[in-house]
Amino acid sequence: MRLERITVDPVVCTGKPCIRGLRVPVSRLLGLLASVESKEAILEAYPYLEAADIAEALTYAALLAEEETVEFAR
């Protein structure tokens, strides 16, 4: 699968995956969603983002979750 809206550039946000090079890290977007921010509220707060950016961030997170197993302490 090719992700077209997520970019990685060593000089932008220290190389963290960002949305279209806009200096909005994917992790920030995912954190907002995890804190129960609505997609509409995110798009209002970040008017330069598009709904497709949020969808691709979620796809990226799903791909990462499939790649790695994290063991939790009991």
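Predicted model: local features only at pLDDT ≥ 70, side-chain atom pairs only at ≥ 80, totals over all residues.
Which residues does Y46 touch, not counting those up to four places away in sequence? Y46 touches R28 and L32.

## The overall layout

The protein chain holds 3 helices and 2 strands. Starting at the N terminus, the order of elements is β-β-α-α-α.

Of the chain's 74 residues, 22% count as buried. Take the contacts with a separation of 6 or more: residues 24 or more positions apart account for 44% of them.

Helix α3 takes in residues 51-67, 17 residues in total. From first C-alpha to last it reaches 25 Å, close to the 24 Å expected at 1.5 Å a residue. Its buried residues are D53, I54, E56, A57 and Y60. Looking down the axis of α3, these buried residues fall within an arc of 165 degrees, so they line one face of the helix. As background, an α-helix has 3.6 residues a turn, so residues three or four places apart point the same way.

What do the buried residues of α3 pack against? Their partners are β1 (6-7), β2, α1 and α2. On the other side of α3, A65 and E66 are exposed.

## The nonpolar core

The largest nonpolar core is made of 11 residues: I6, I19, V24, V26, L29, I42, Y46, L49, I54, A57 and Y60. The elements that give two or more residues to this core are α1 and α3, and α3 supplies the largest share, 3 residues. Y46, from the opening question, is one of the core residues.

D53 sits in helix α3. It counts as buried because its relative accessibility is 0%. So what does its side chain reach? One partner is the side chain of R5, with a polar contact at 2.6 Å. The D53 side chain also reaches the backbone nitrogen of E50, at 2.7 Å.

Leaving out residues up to four places away in sequence, D53 touches R5, I19, R20, L29 and Y48. Of these, I19 and L29 are also listed in the largest nonpolar core.

How many disulfides does the model have? The count comes to 0. The cysteines to look at are C13 and C18. The sulfur of C13 has its closest cysteine sulfur in C18, 3.7 Å away, and that is too far for a bond. The cut-off behind this is 2.5 Å between the sulfur atoms.

Is C18 buried or exposed? C18 counts as buried, because its relative accessibility is 1%. C13 has 21% relative accessibility, so it counts as partly exposed.

## Positive phi in the loops

Most residues other than glycine have a negative phi. R20 is not a glycine, yet it has a positive phi of about 45 degrees. R20 is placed in the loop between β2 and α1, and at 32% relative accessibility it counts as partly exposed. R20 is also among the residues that D53 touches.

V36 is another residue other than glycine with a positive phi, in this case near 70 degrees. V36 belongs to the loop between α1 and α2. With 73% relative accessibility, V36 counts as exposed.

L22 lies in the loop between β2 (18-19) and α1 (26-34). Its relative accessibility is 33%, so L22 counts as partly exposed. Which residues does L22 touch, not counting those up to four places away in sequence? They are Y48 and L49, and L49 is a member of the largest nonpolar core. L22 and I6 are 16 residues apart along the chain, and their C-alpha atoms are separated by 9.7 Å.

E44 is part of helix α2 (residues 39-45). E44 counts as exposed because its relative accessibility is 69%. Between the C-alpha atoms of E44 and R23, which are 21 residues apart along the chain, the separation is 17 Å.

Conventions:
Residues numbered from 1 in each chain as written. Heavy atoms only, no water. Helix = DSSP H or I, 4+ residues; strand = E, 2+ residues; numbered from the N terminus. Buried < 20%, exposed > 50% of the residue type's maximum accessible area, 1.4 Å probe, protein only. Contact = heavy atoms within 4.5 Å. Expected span 1.5 Å × (residues − 1). Arc of directions from axis to C-beta. Core = buried A, V, L, I, M, F, W, Y, C linked by side-chain atoms within 4.5 Å. Polar contact = N/O pair within 3.5 Å; in protein donor to acceptor, adjacent residues only side chain to side chain.
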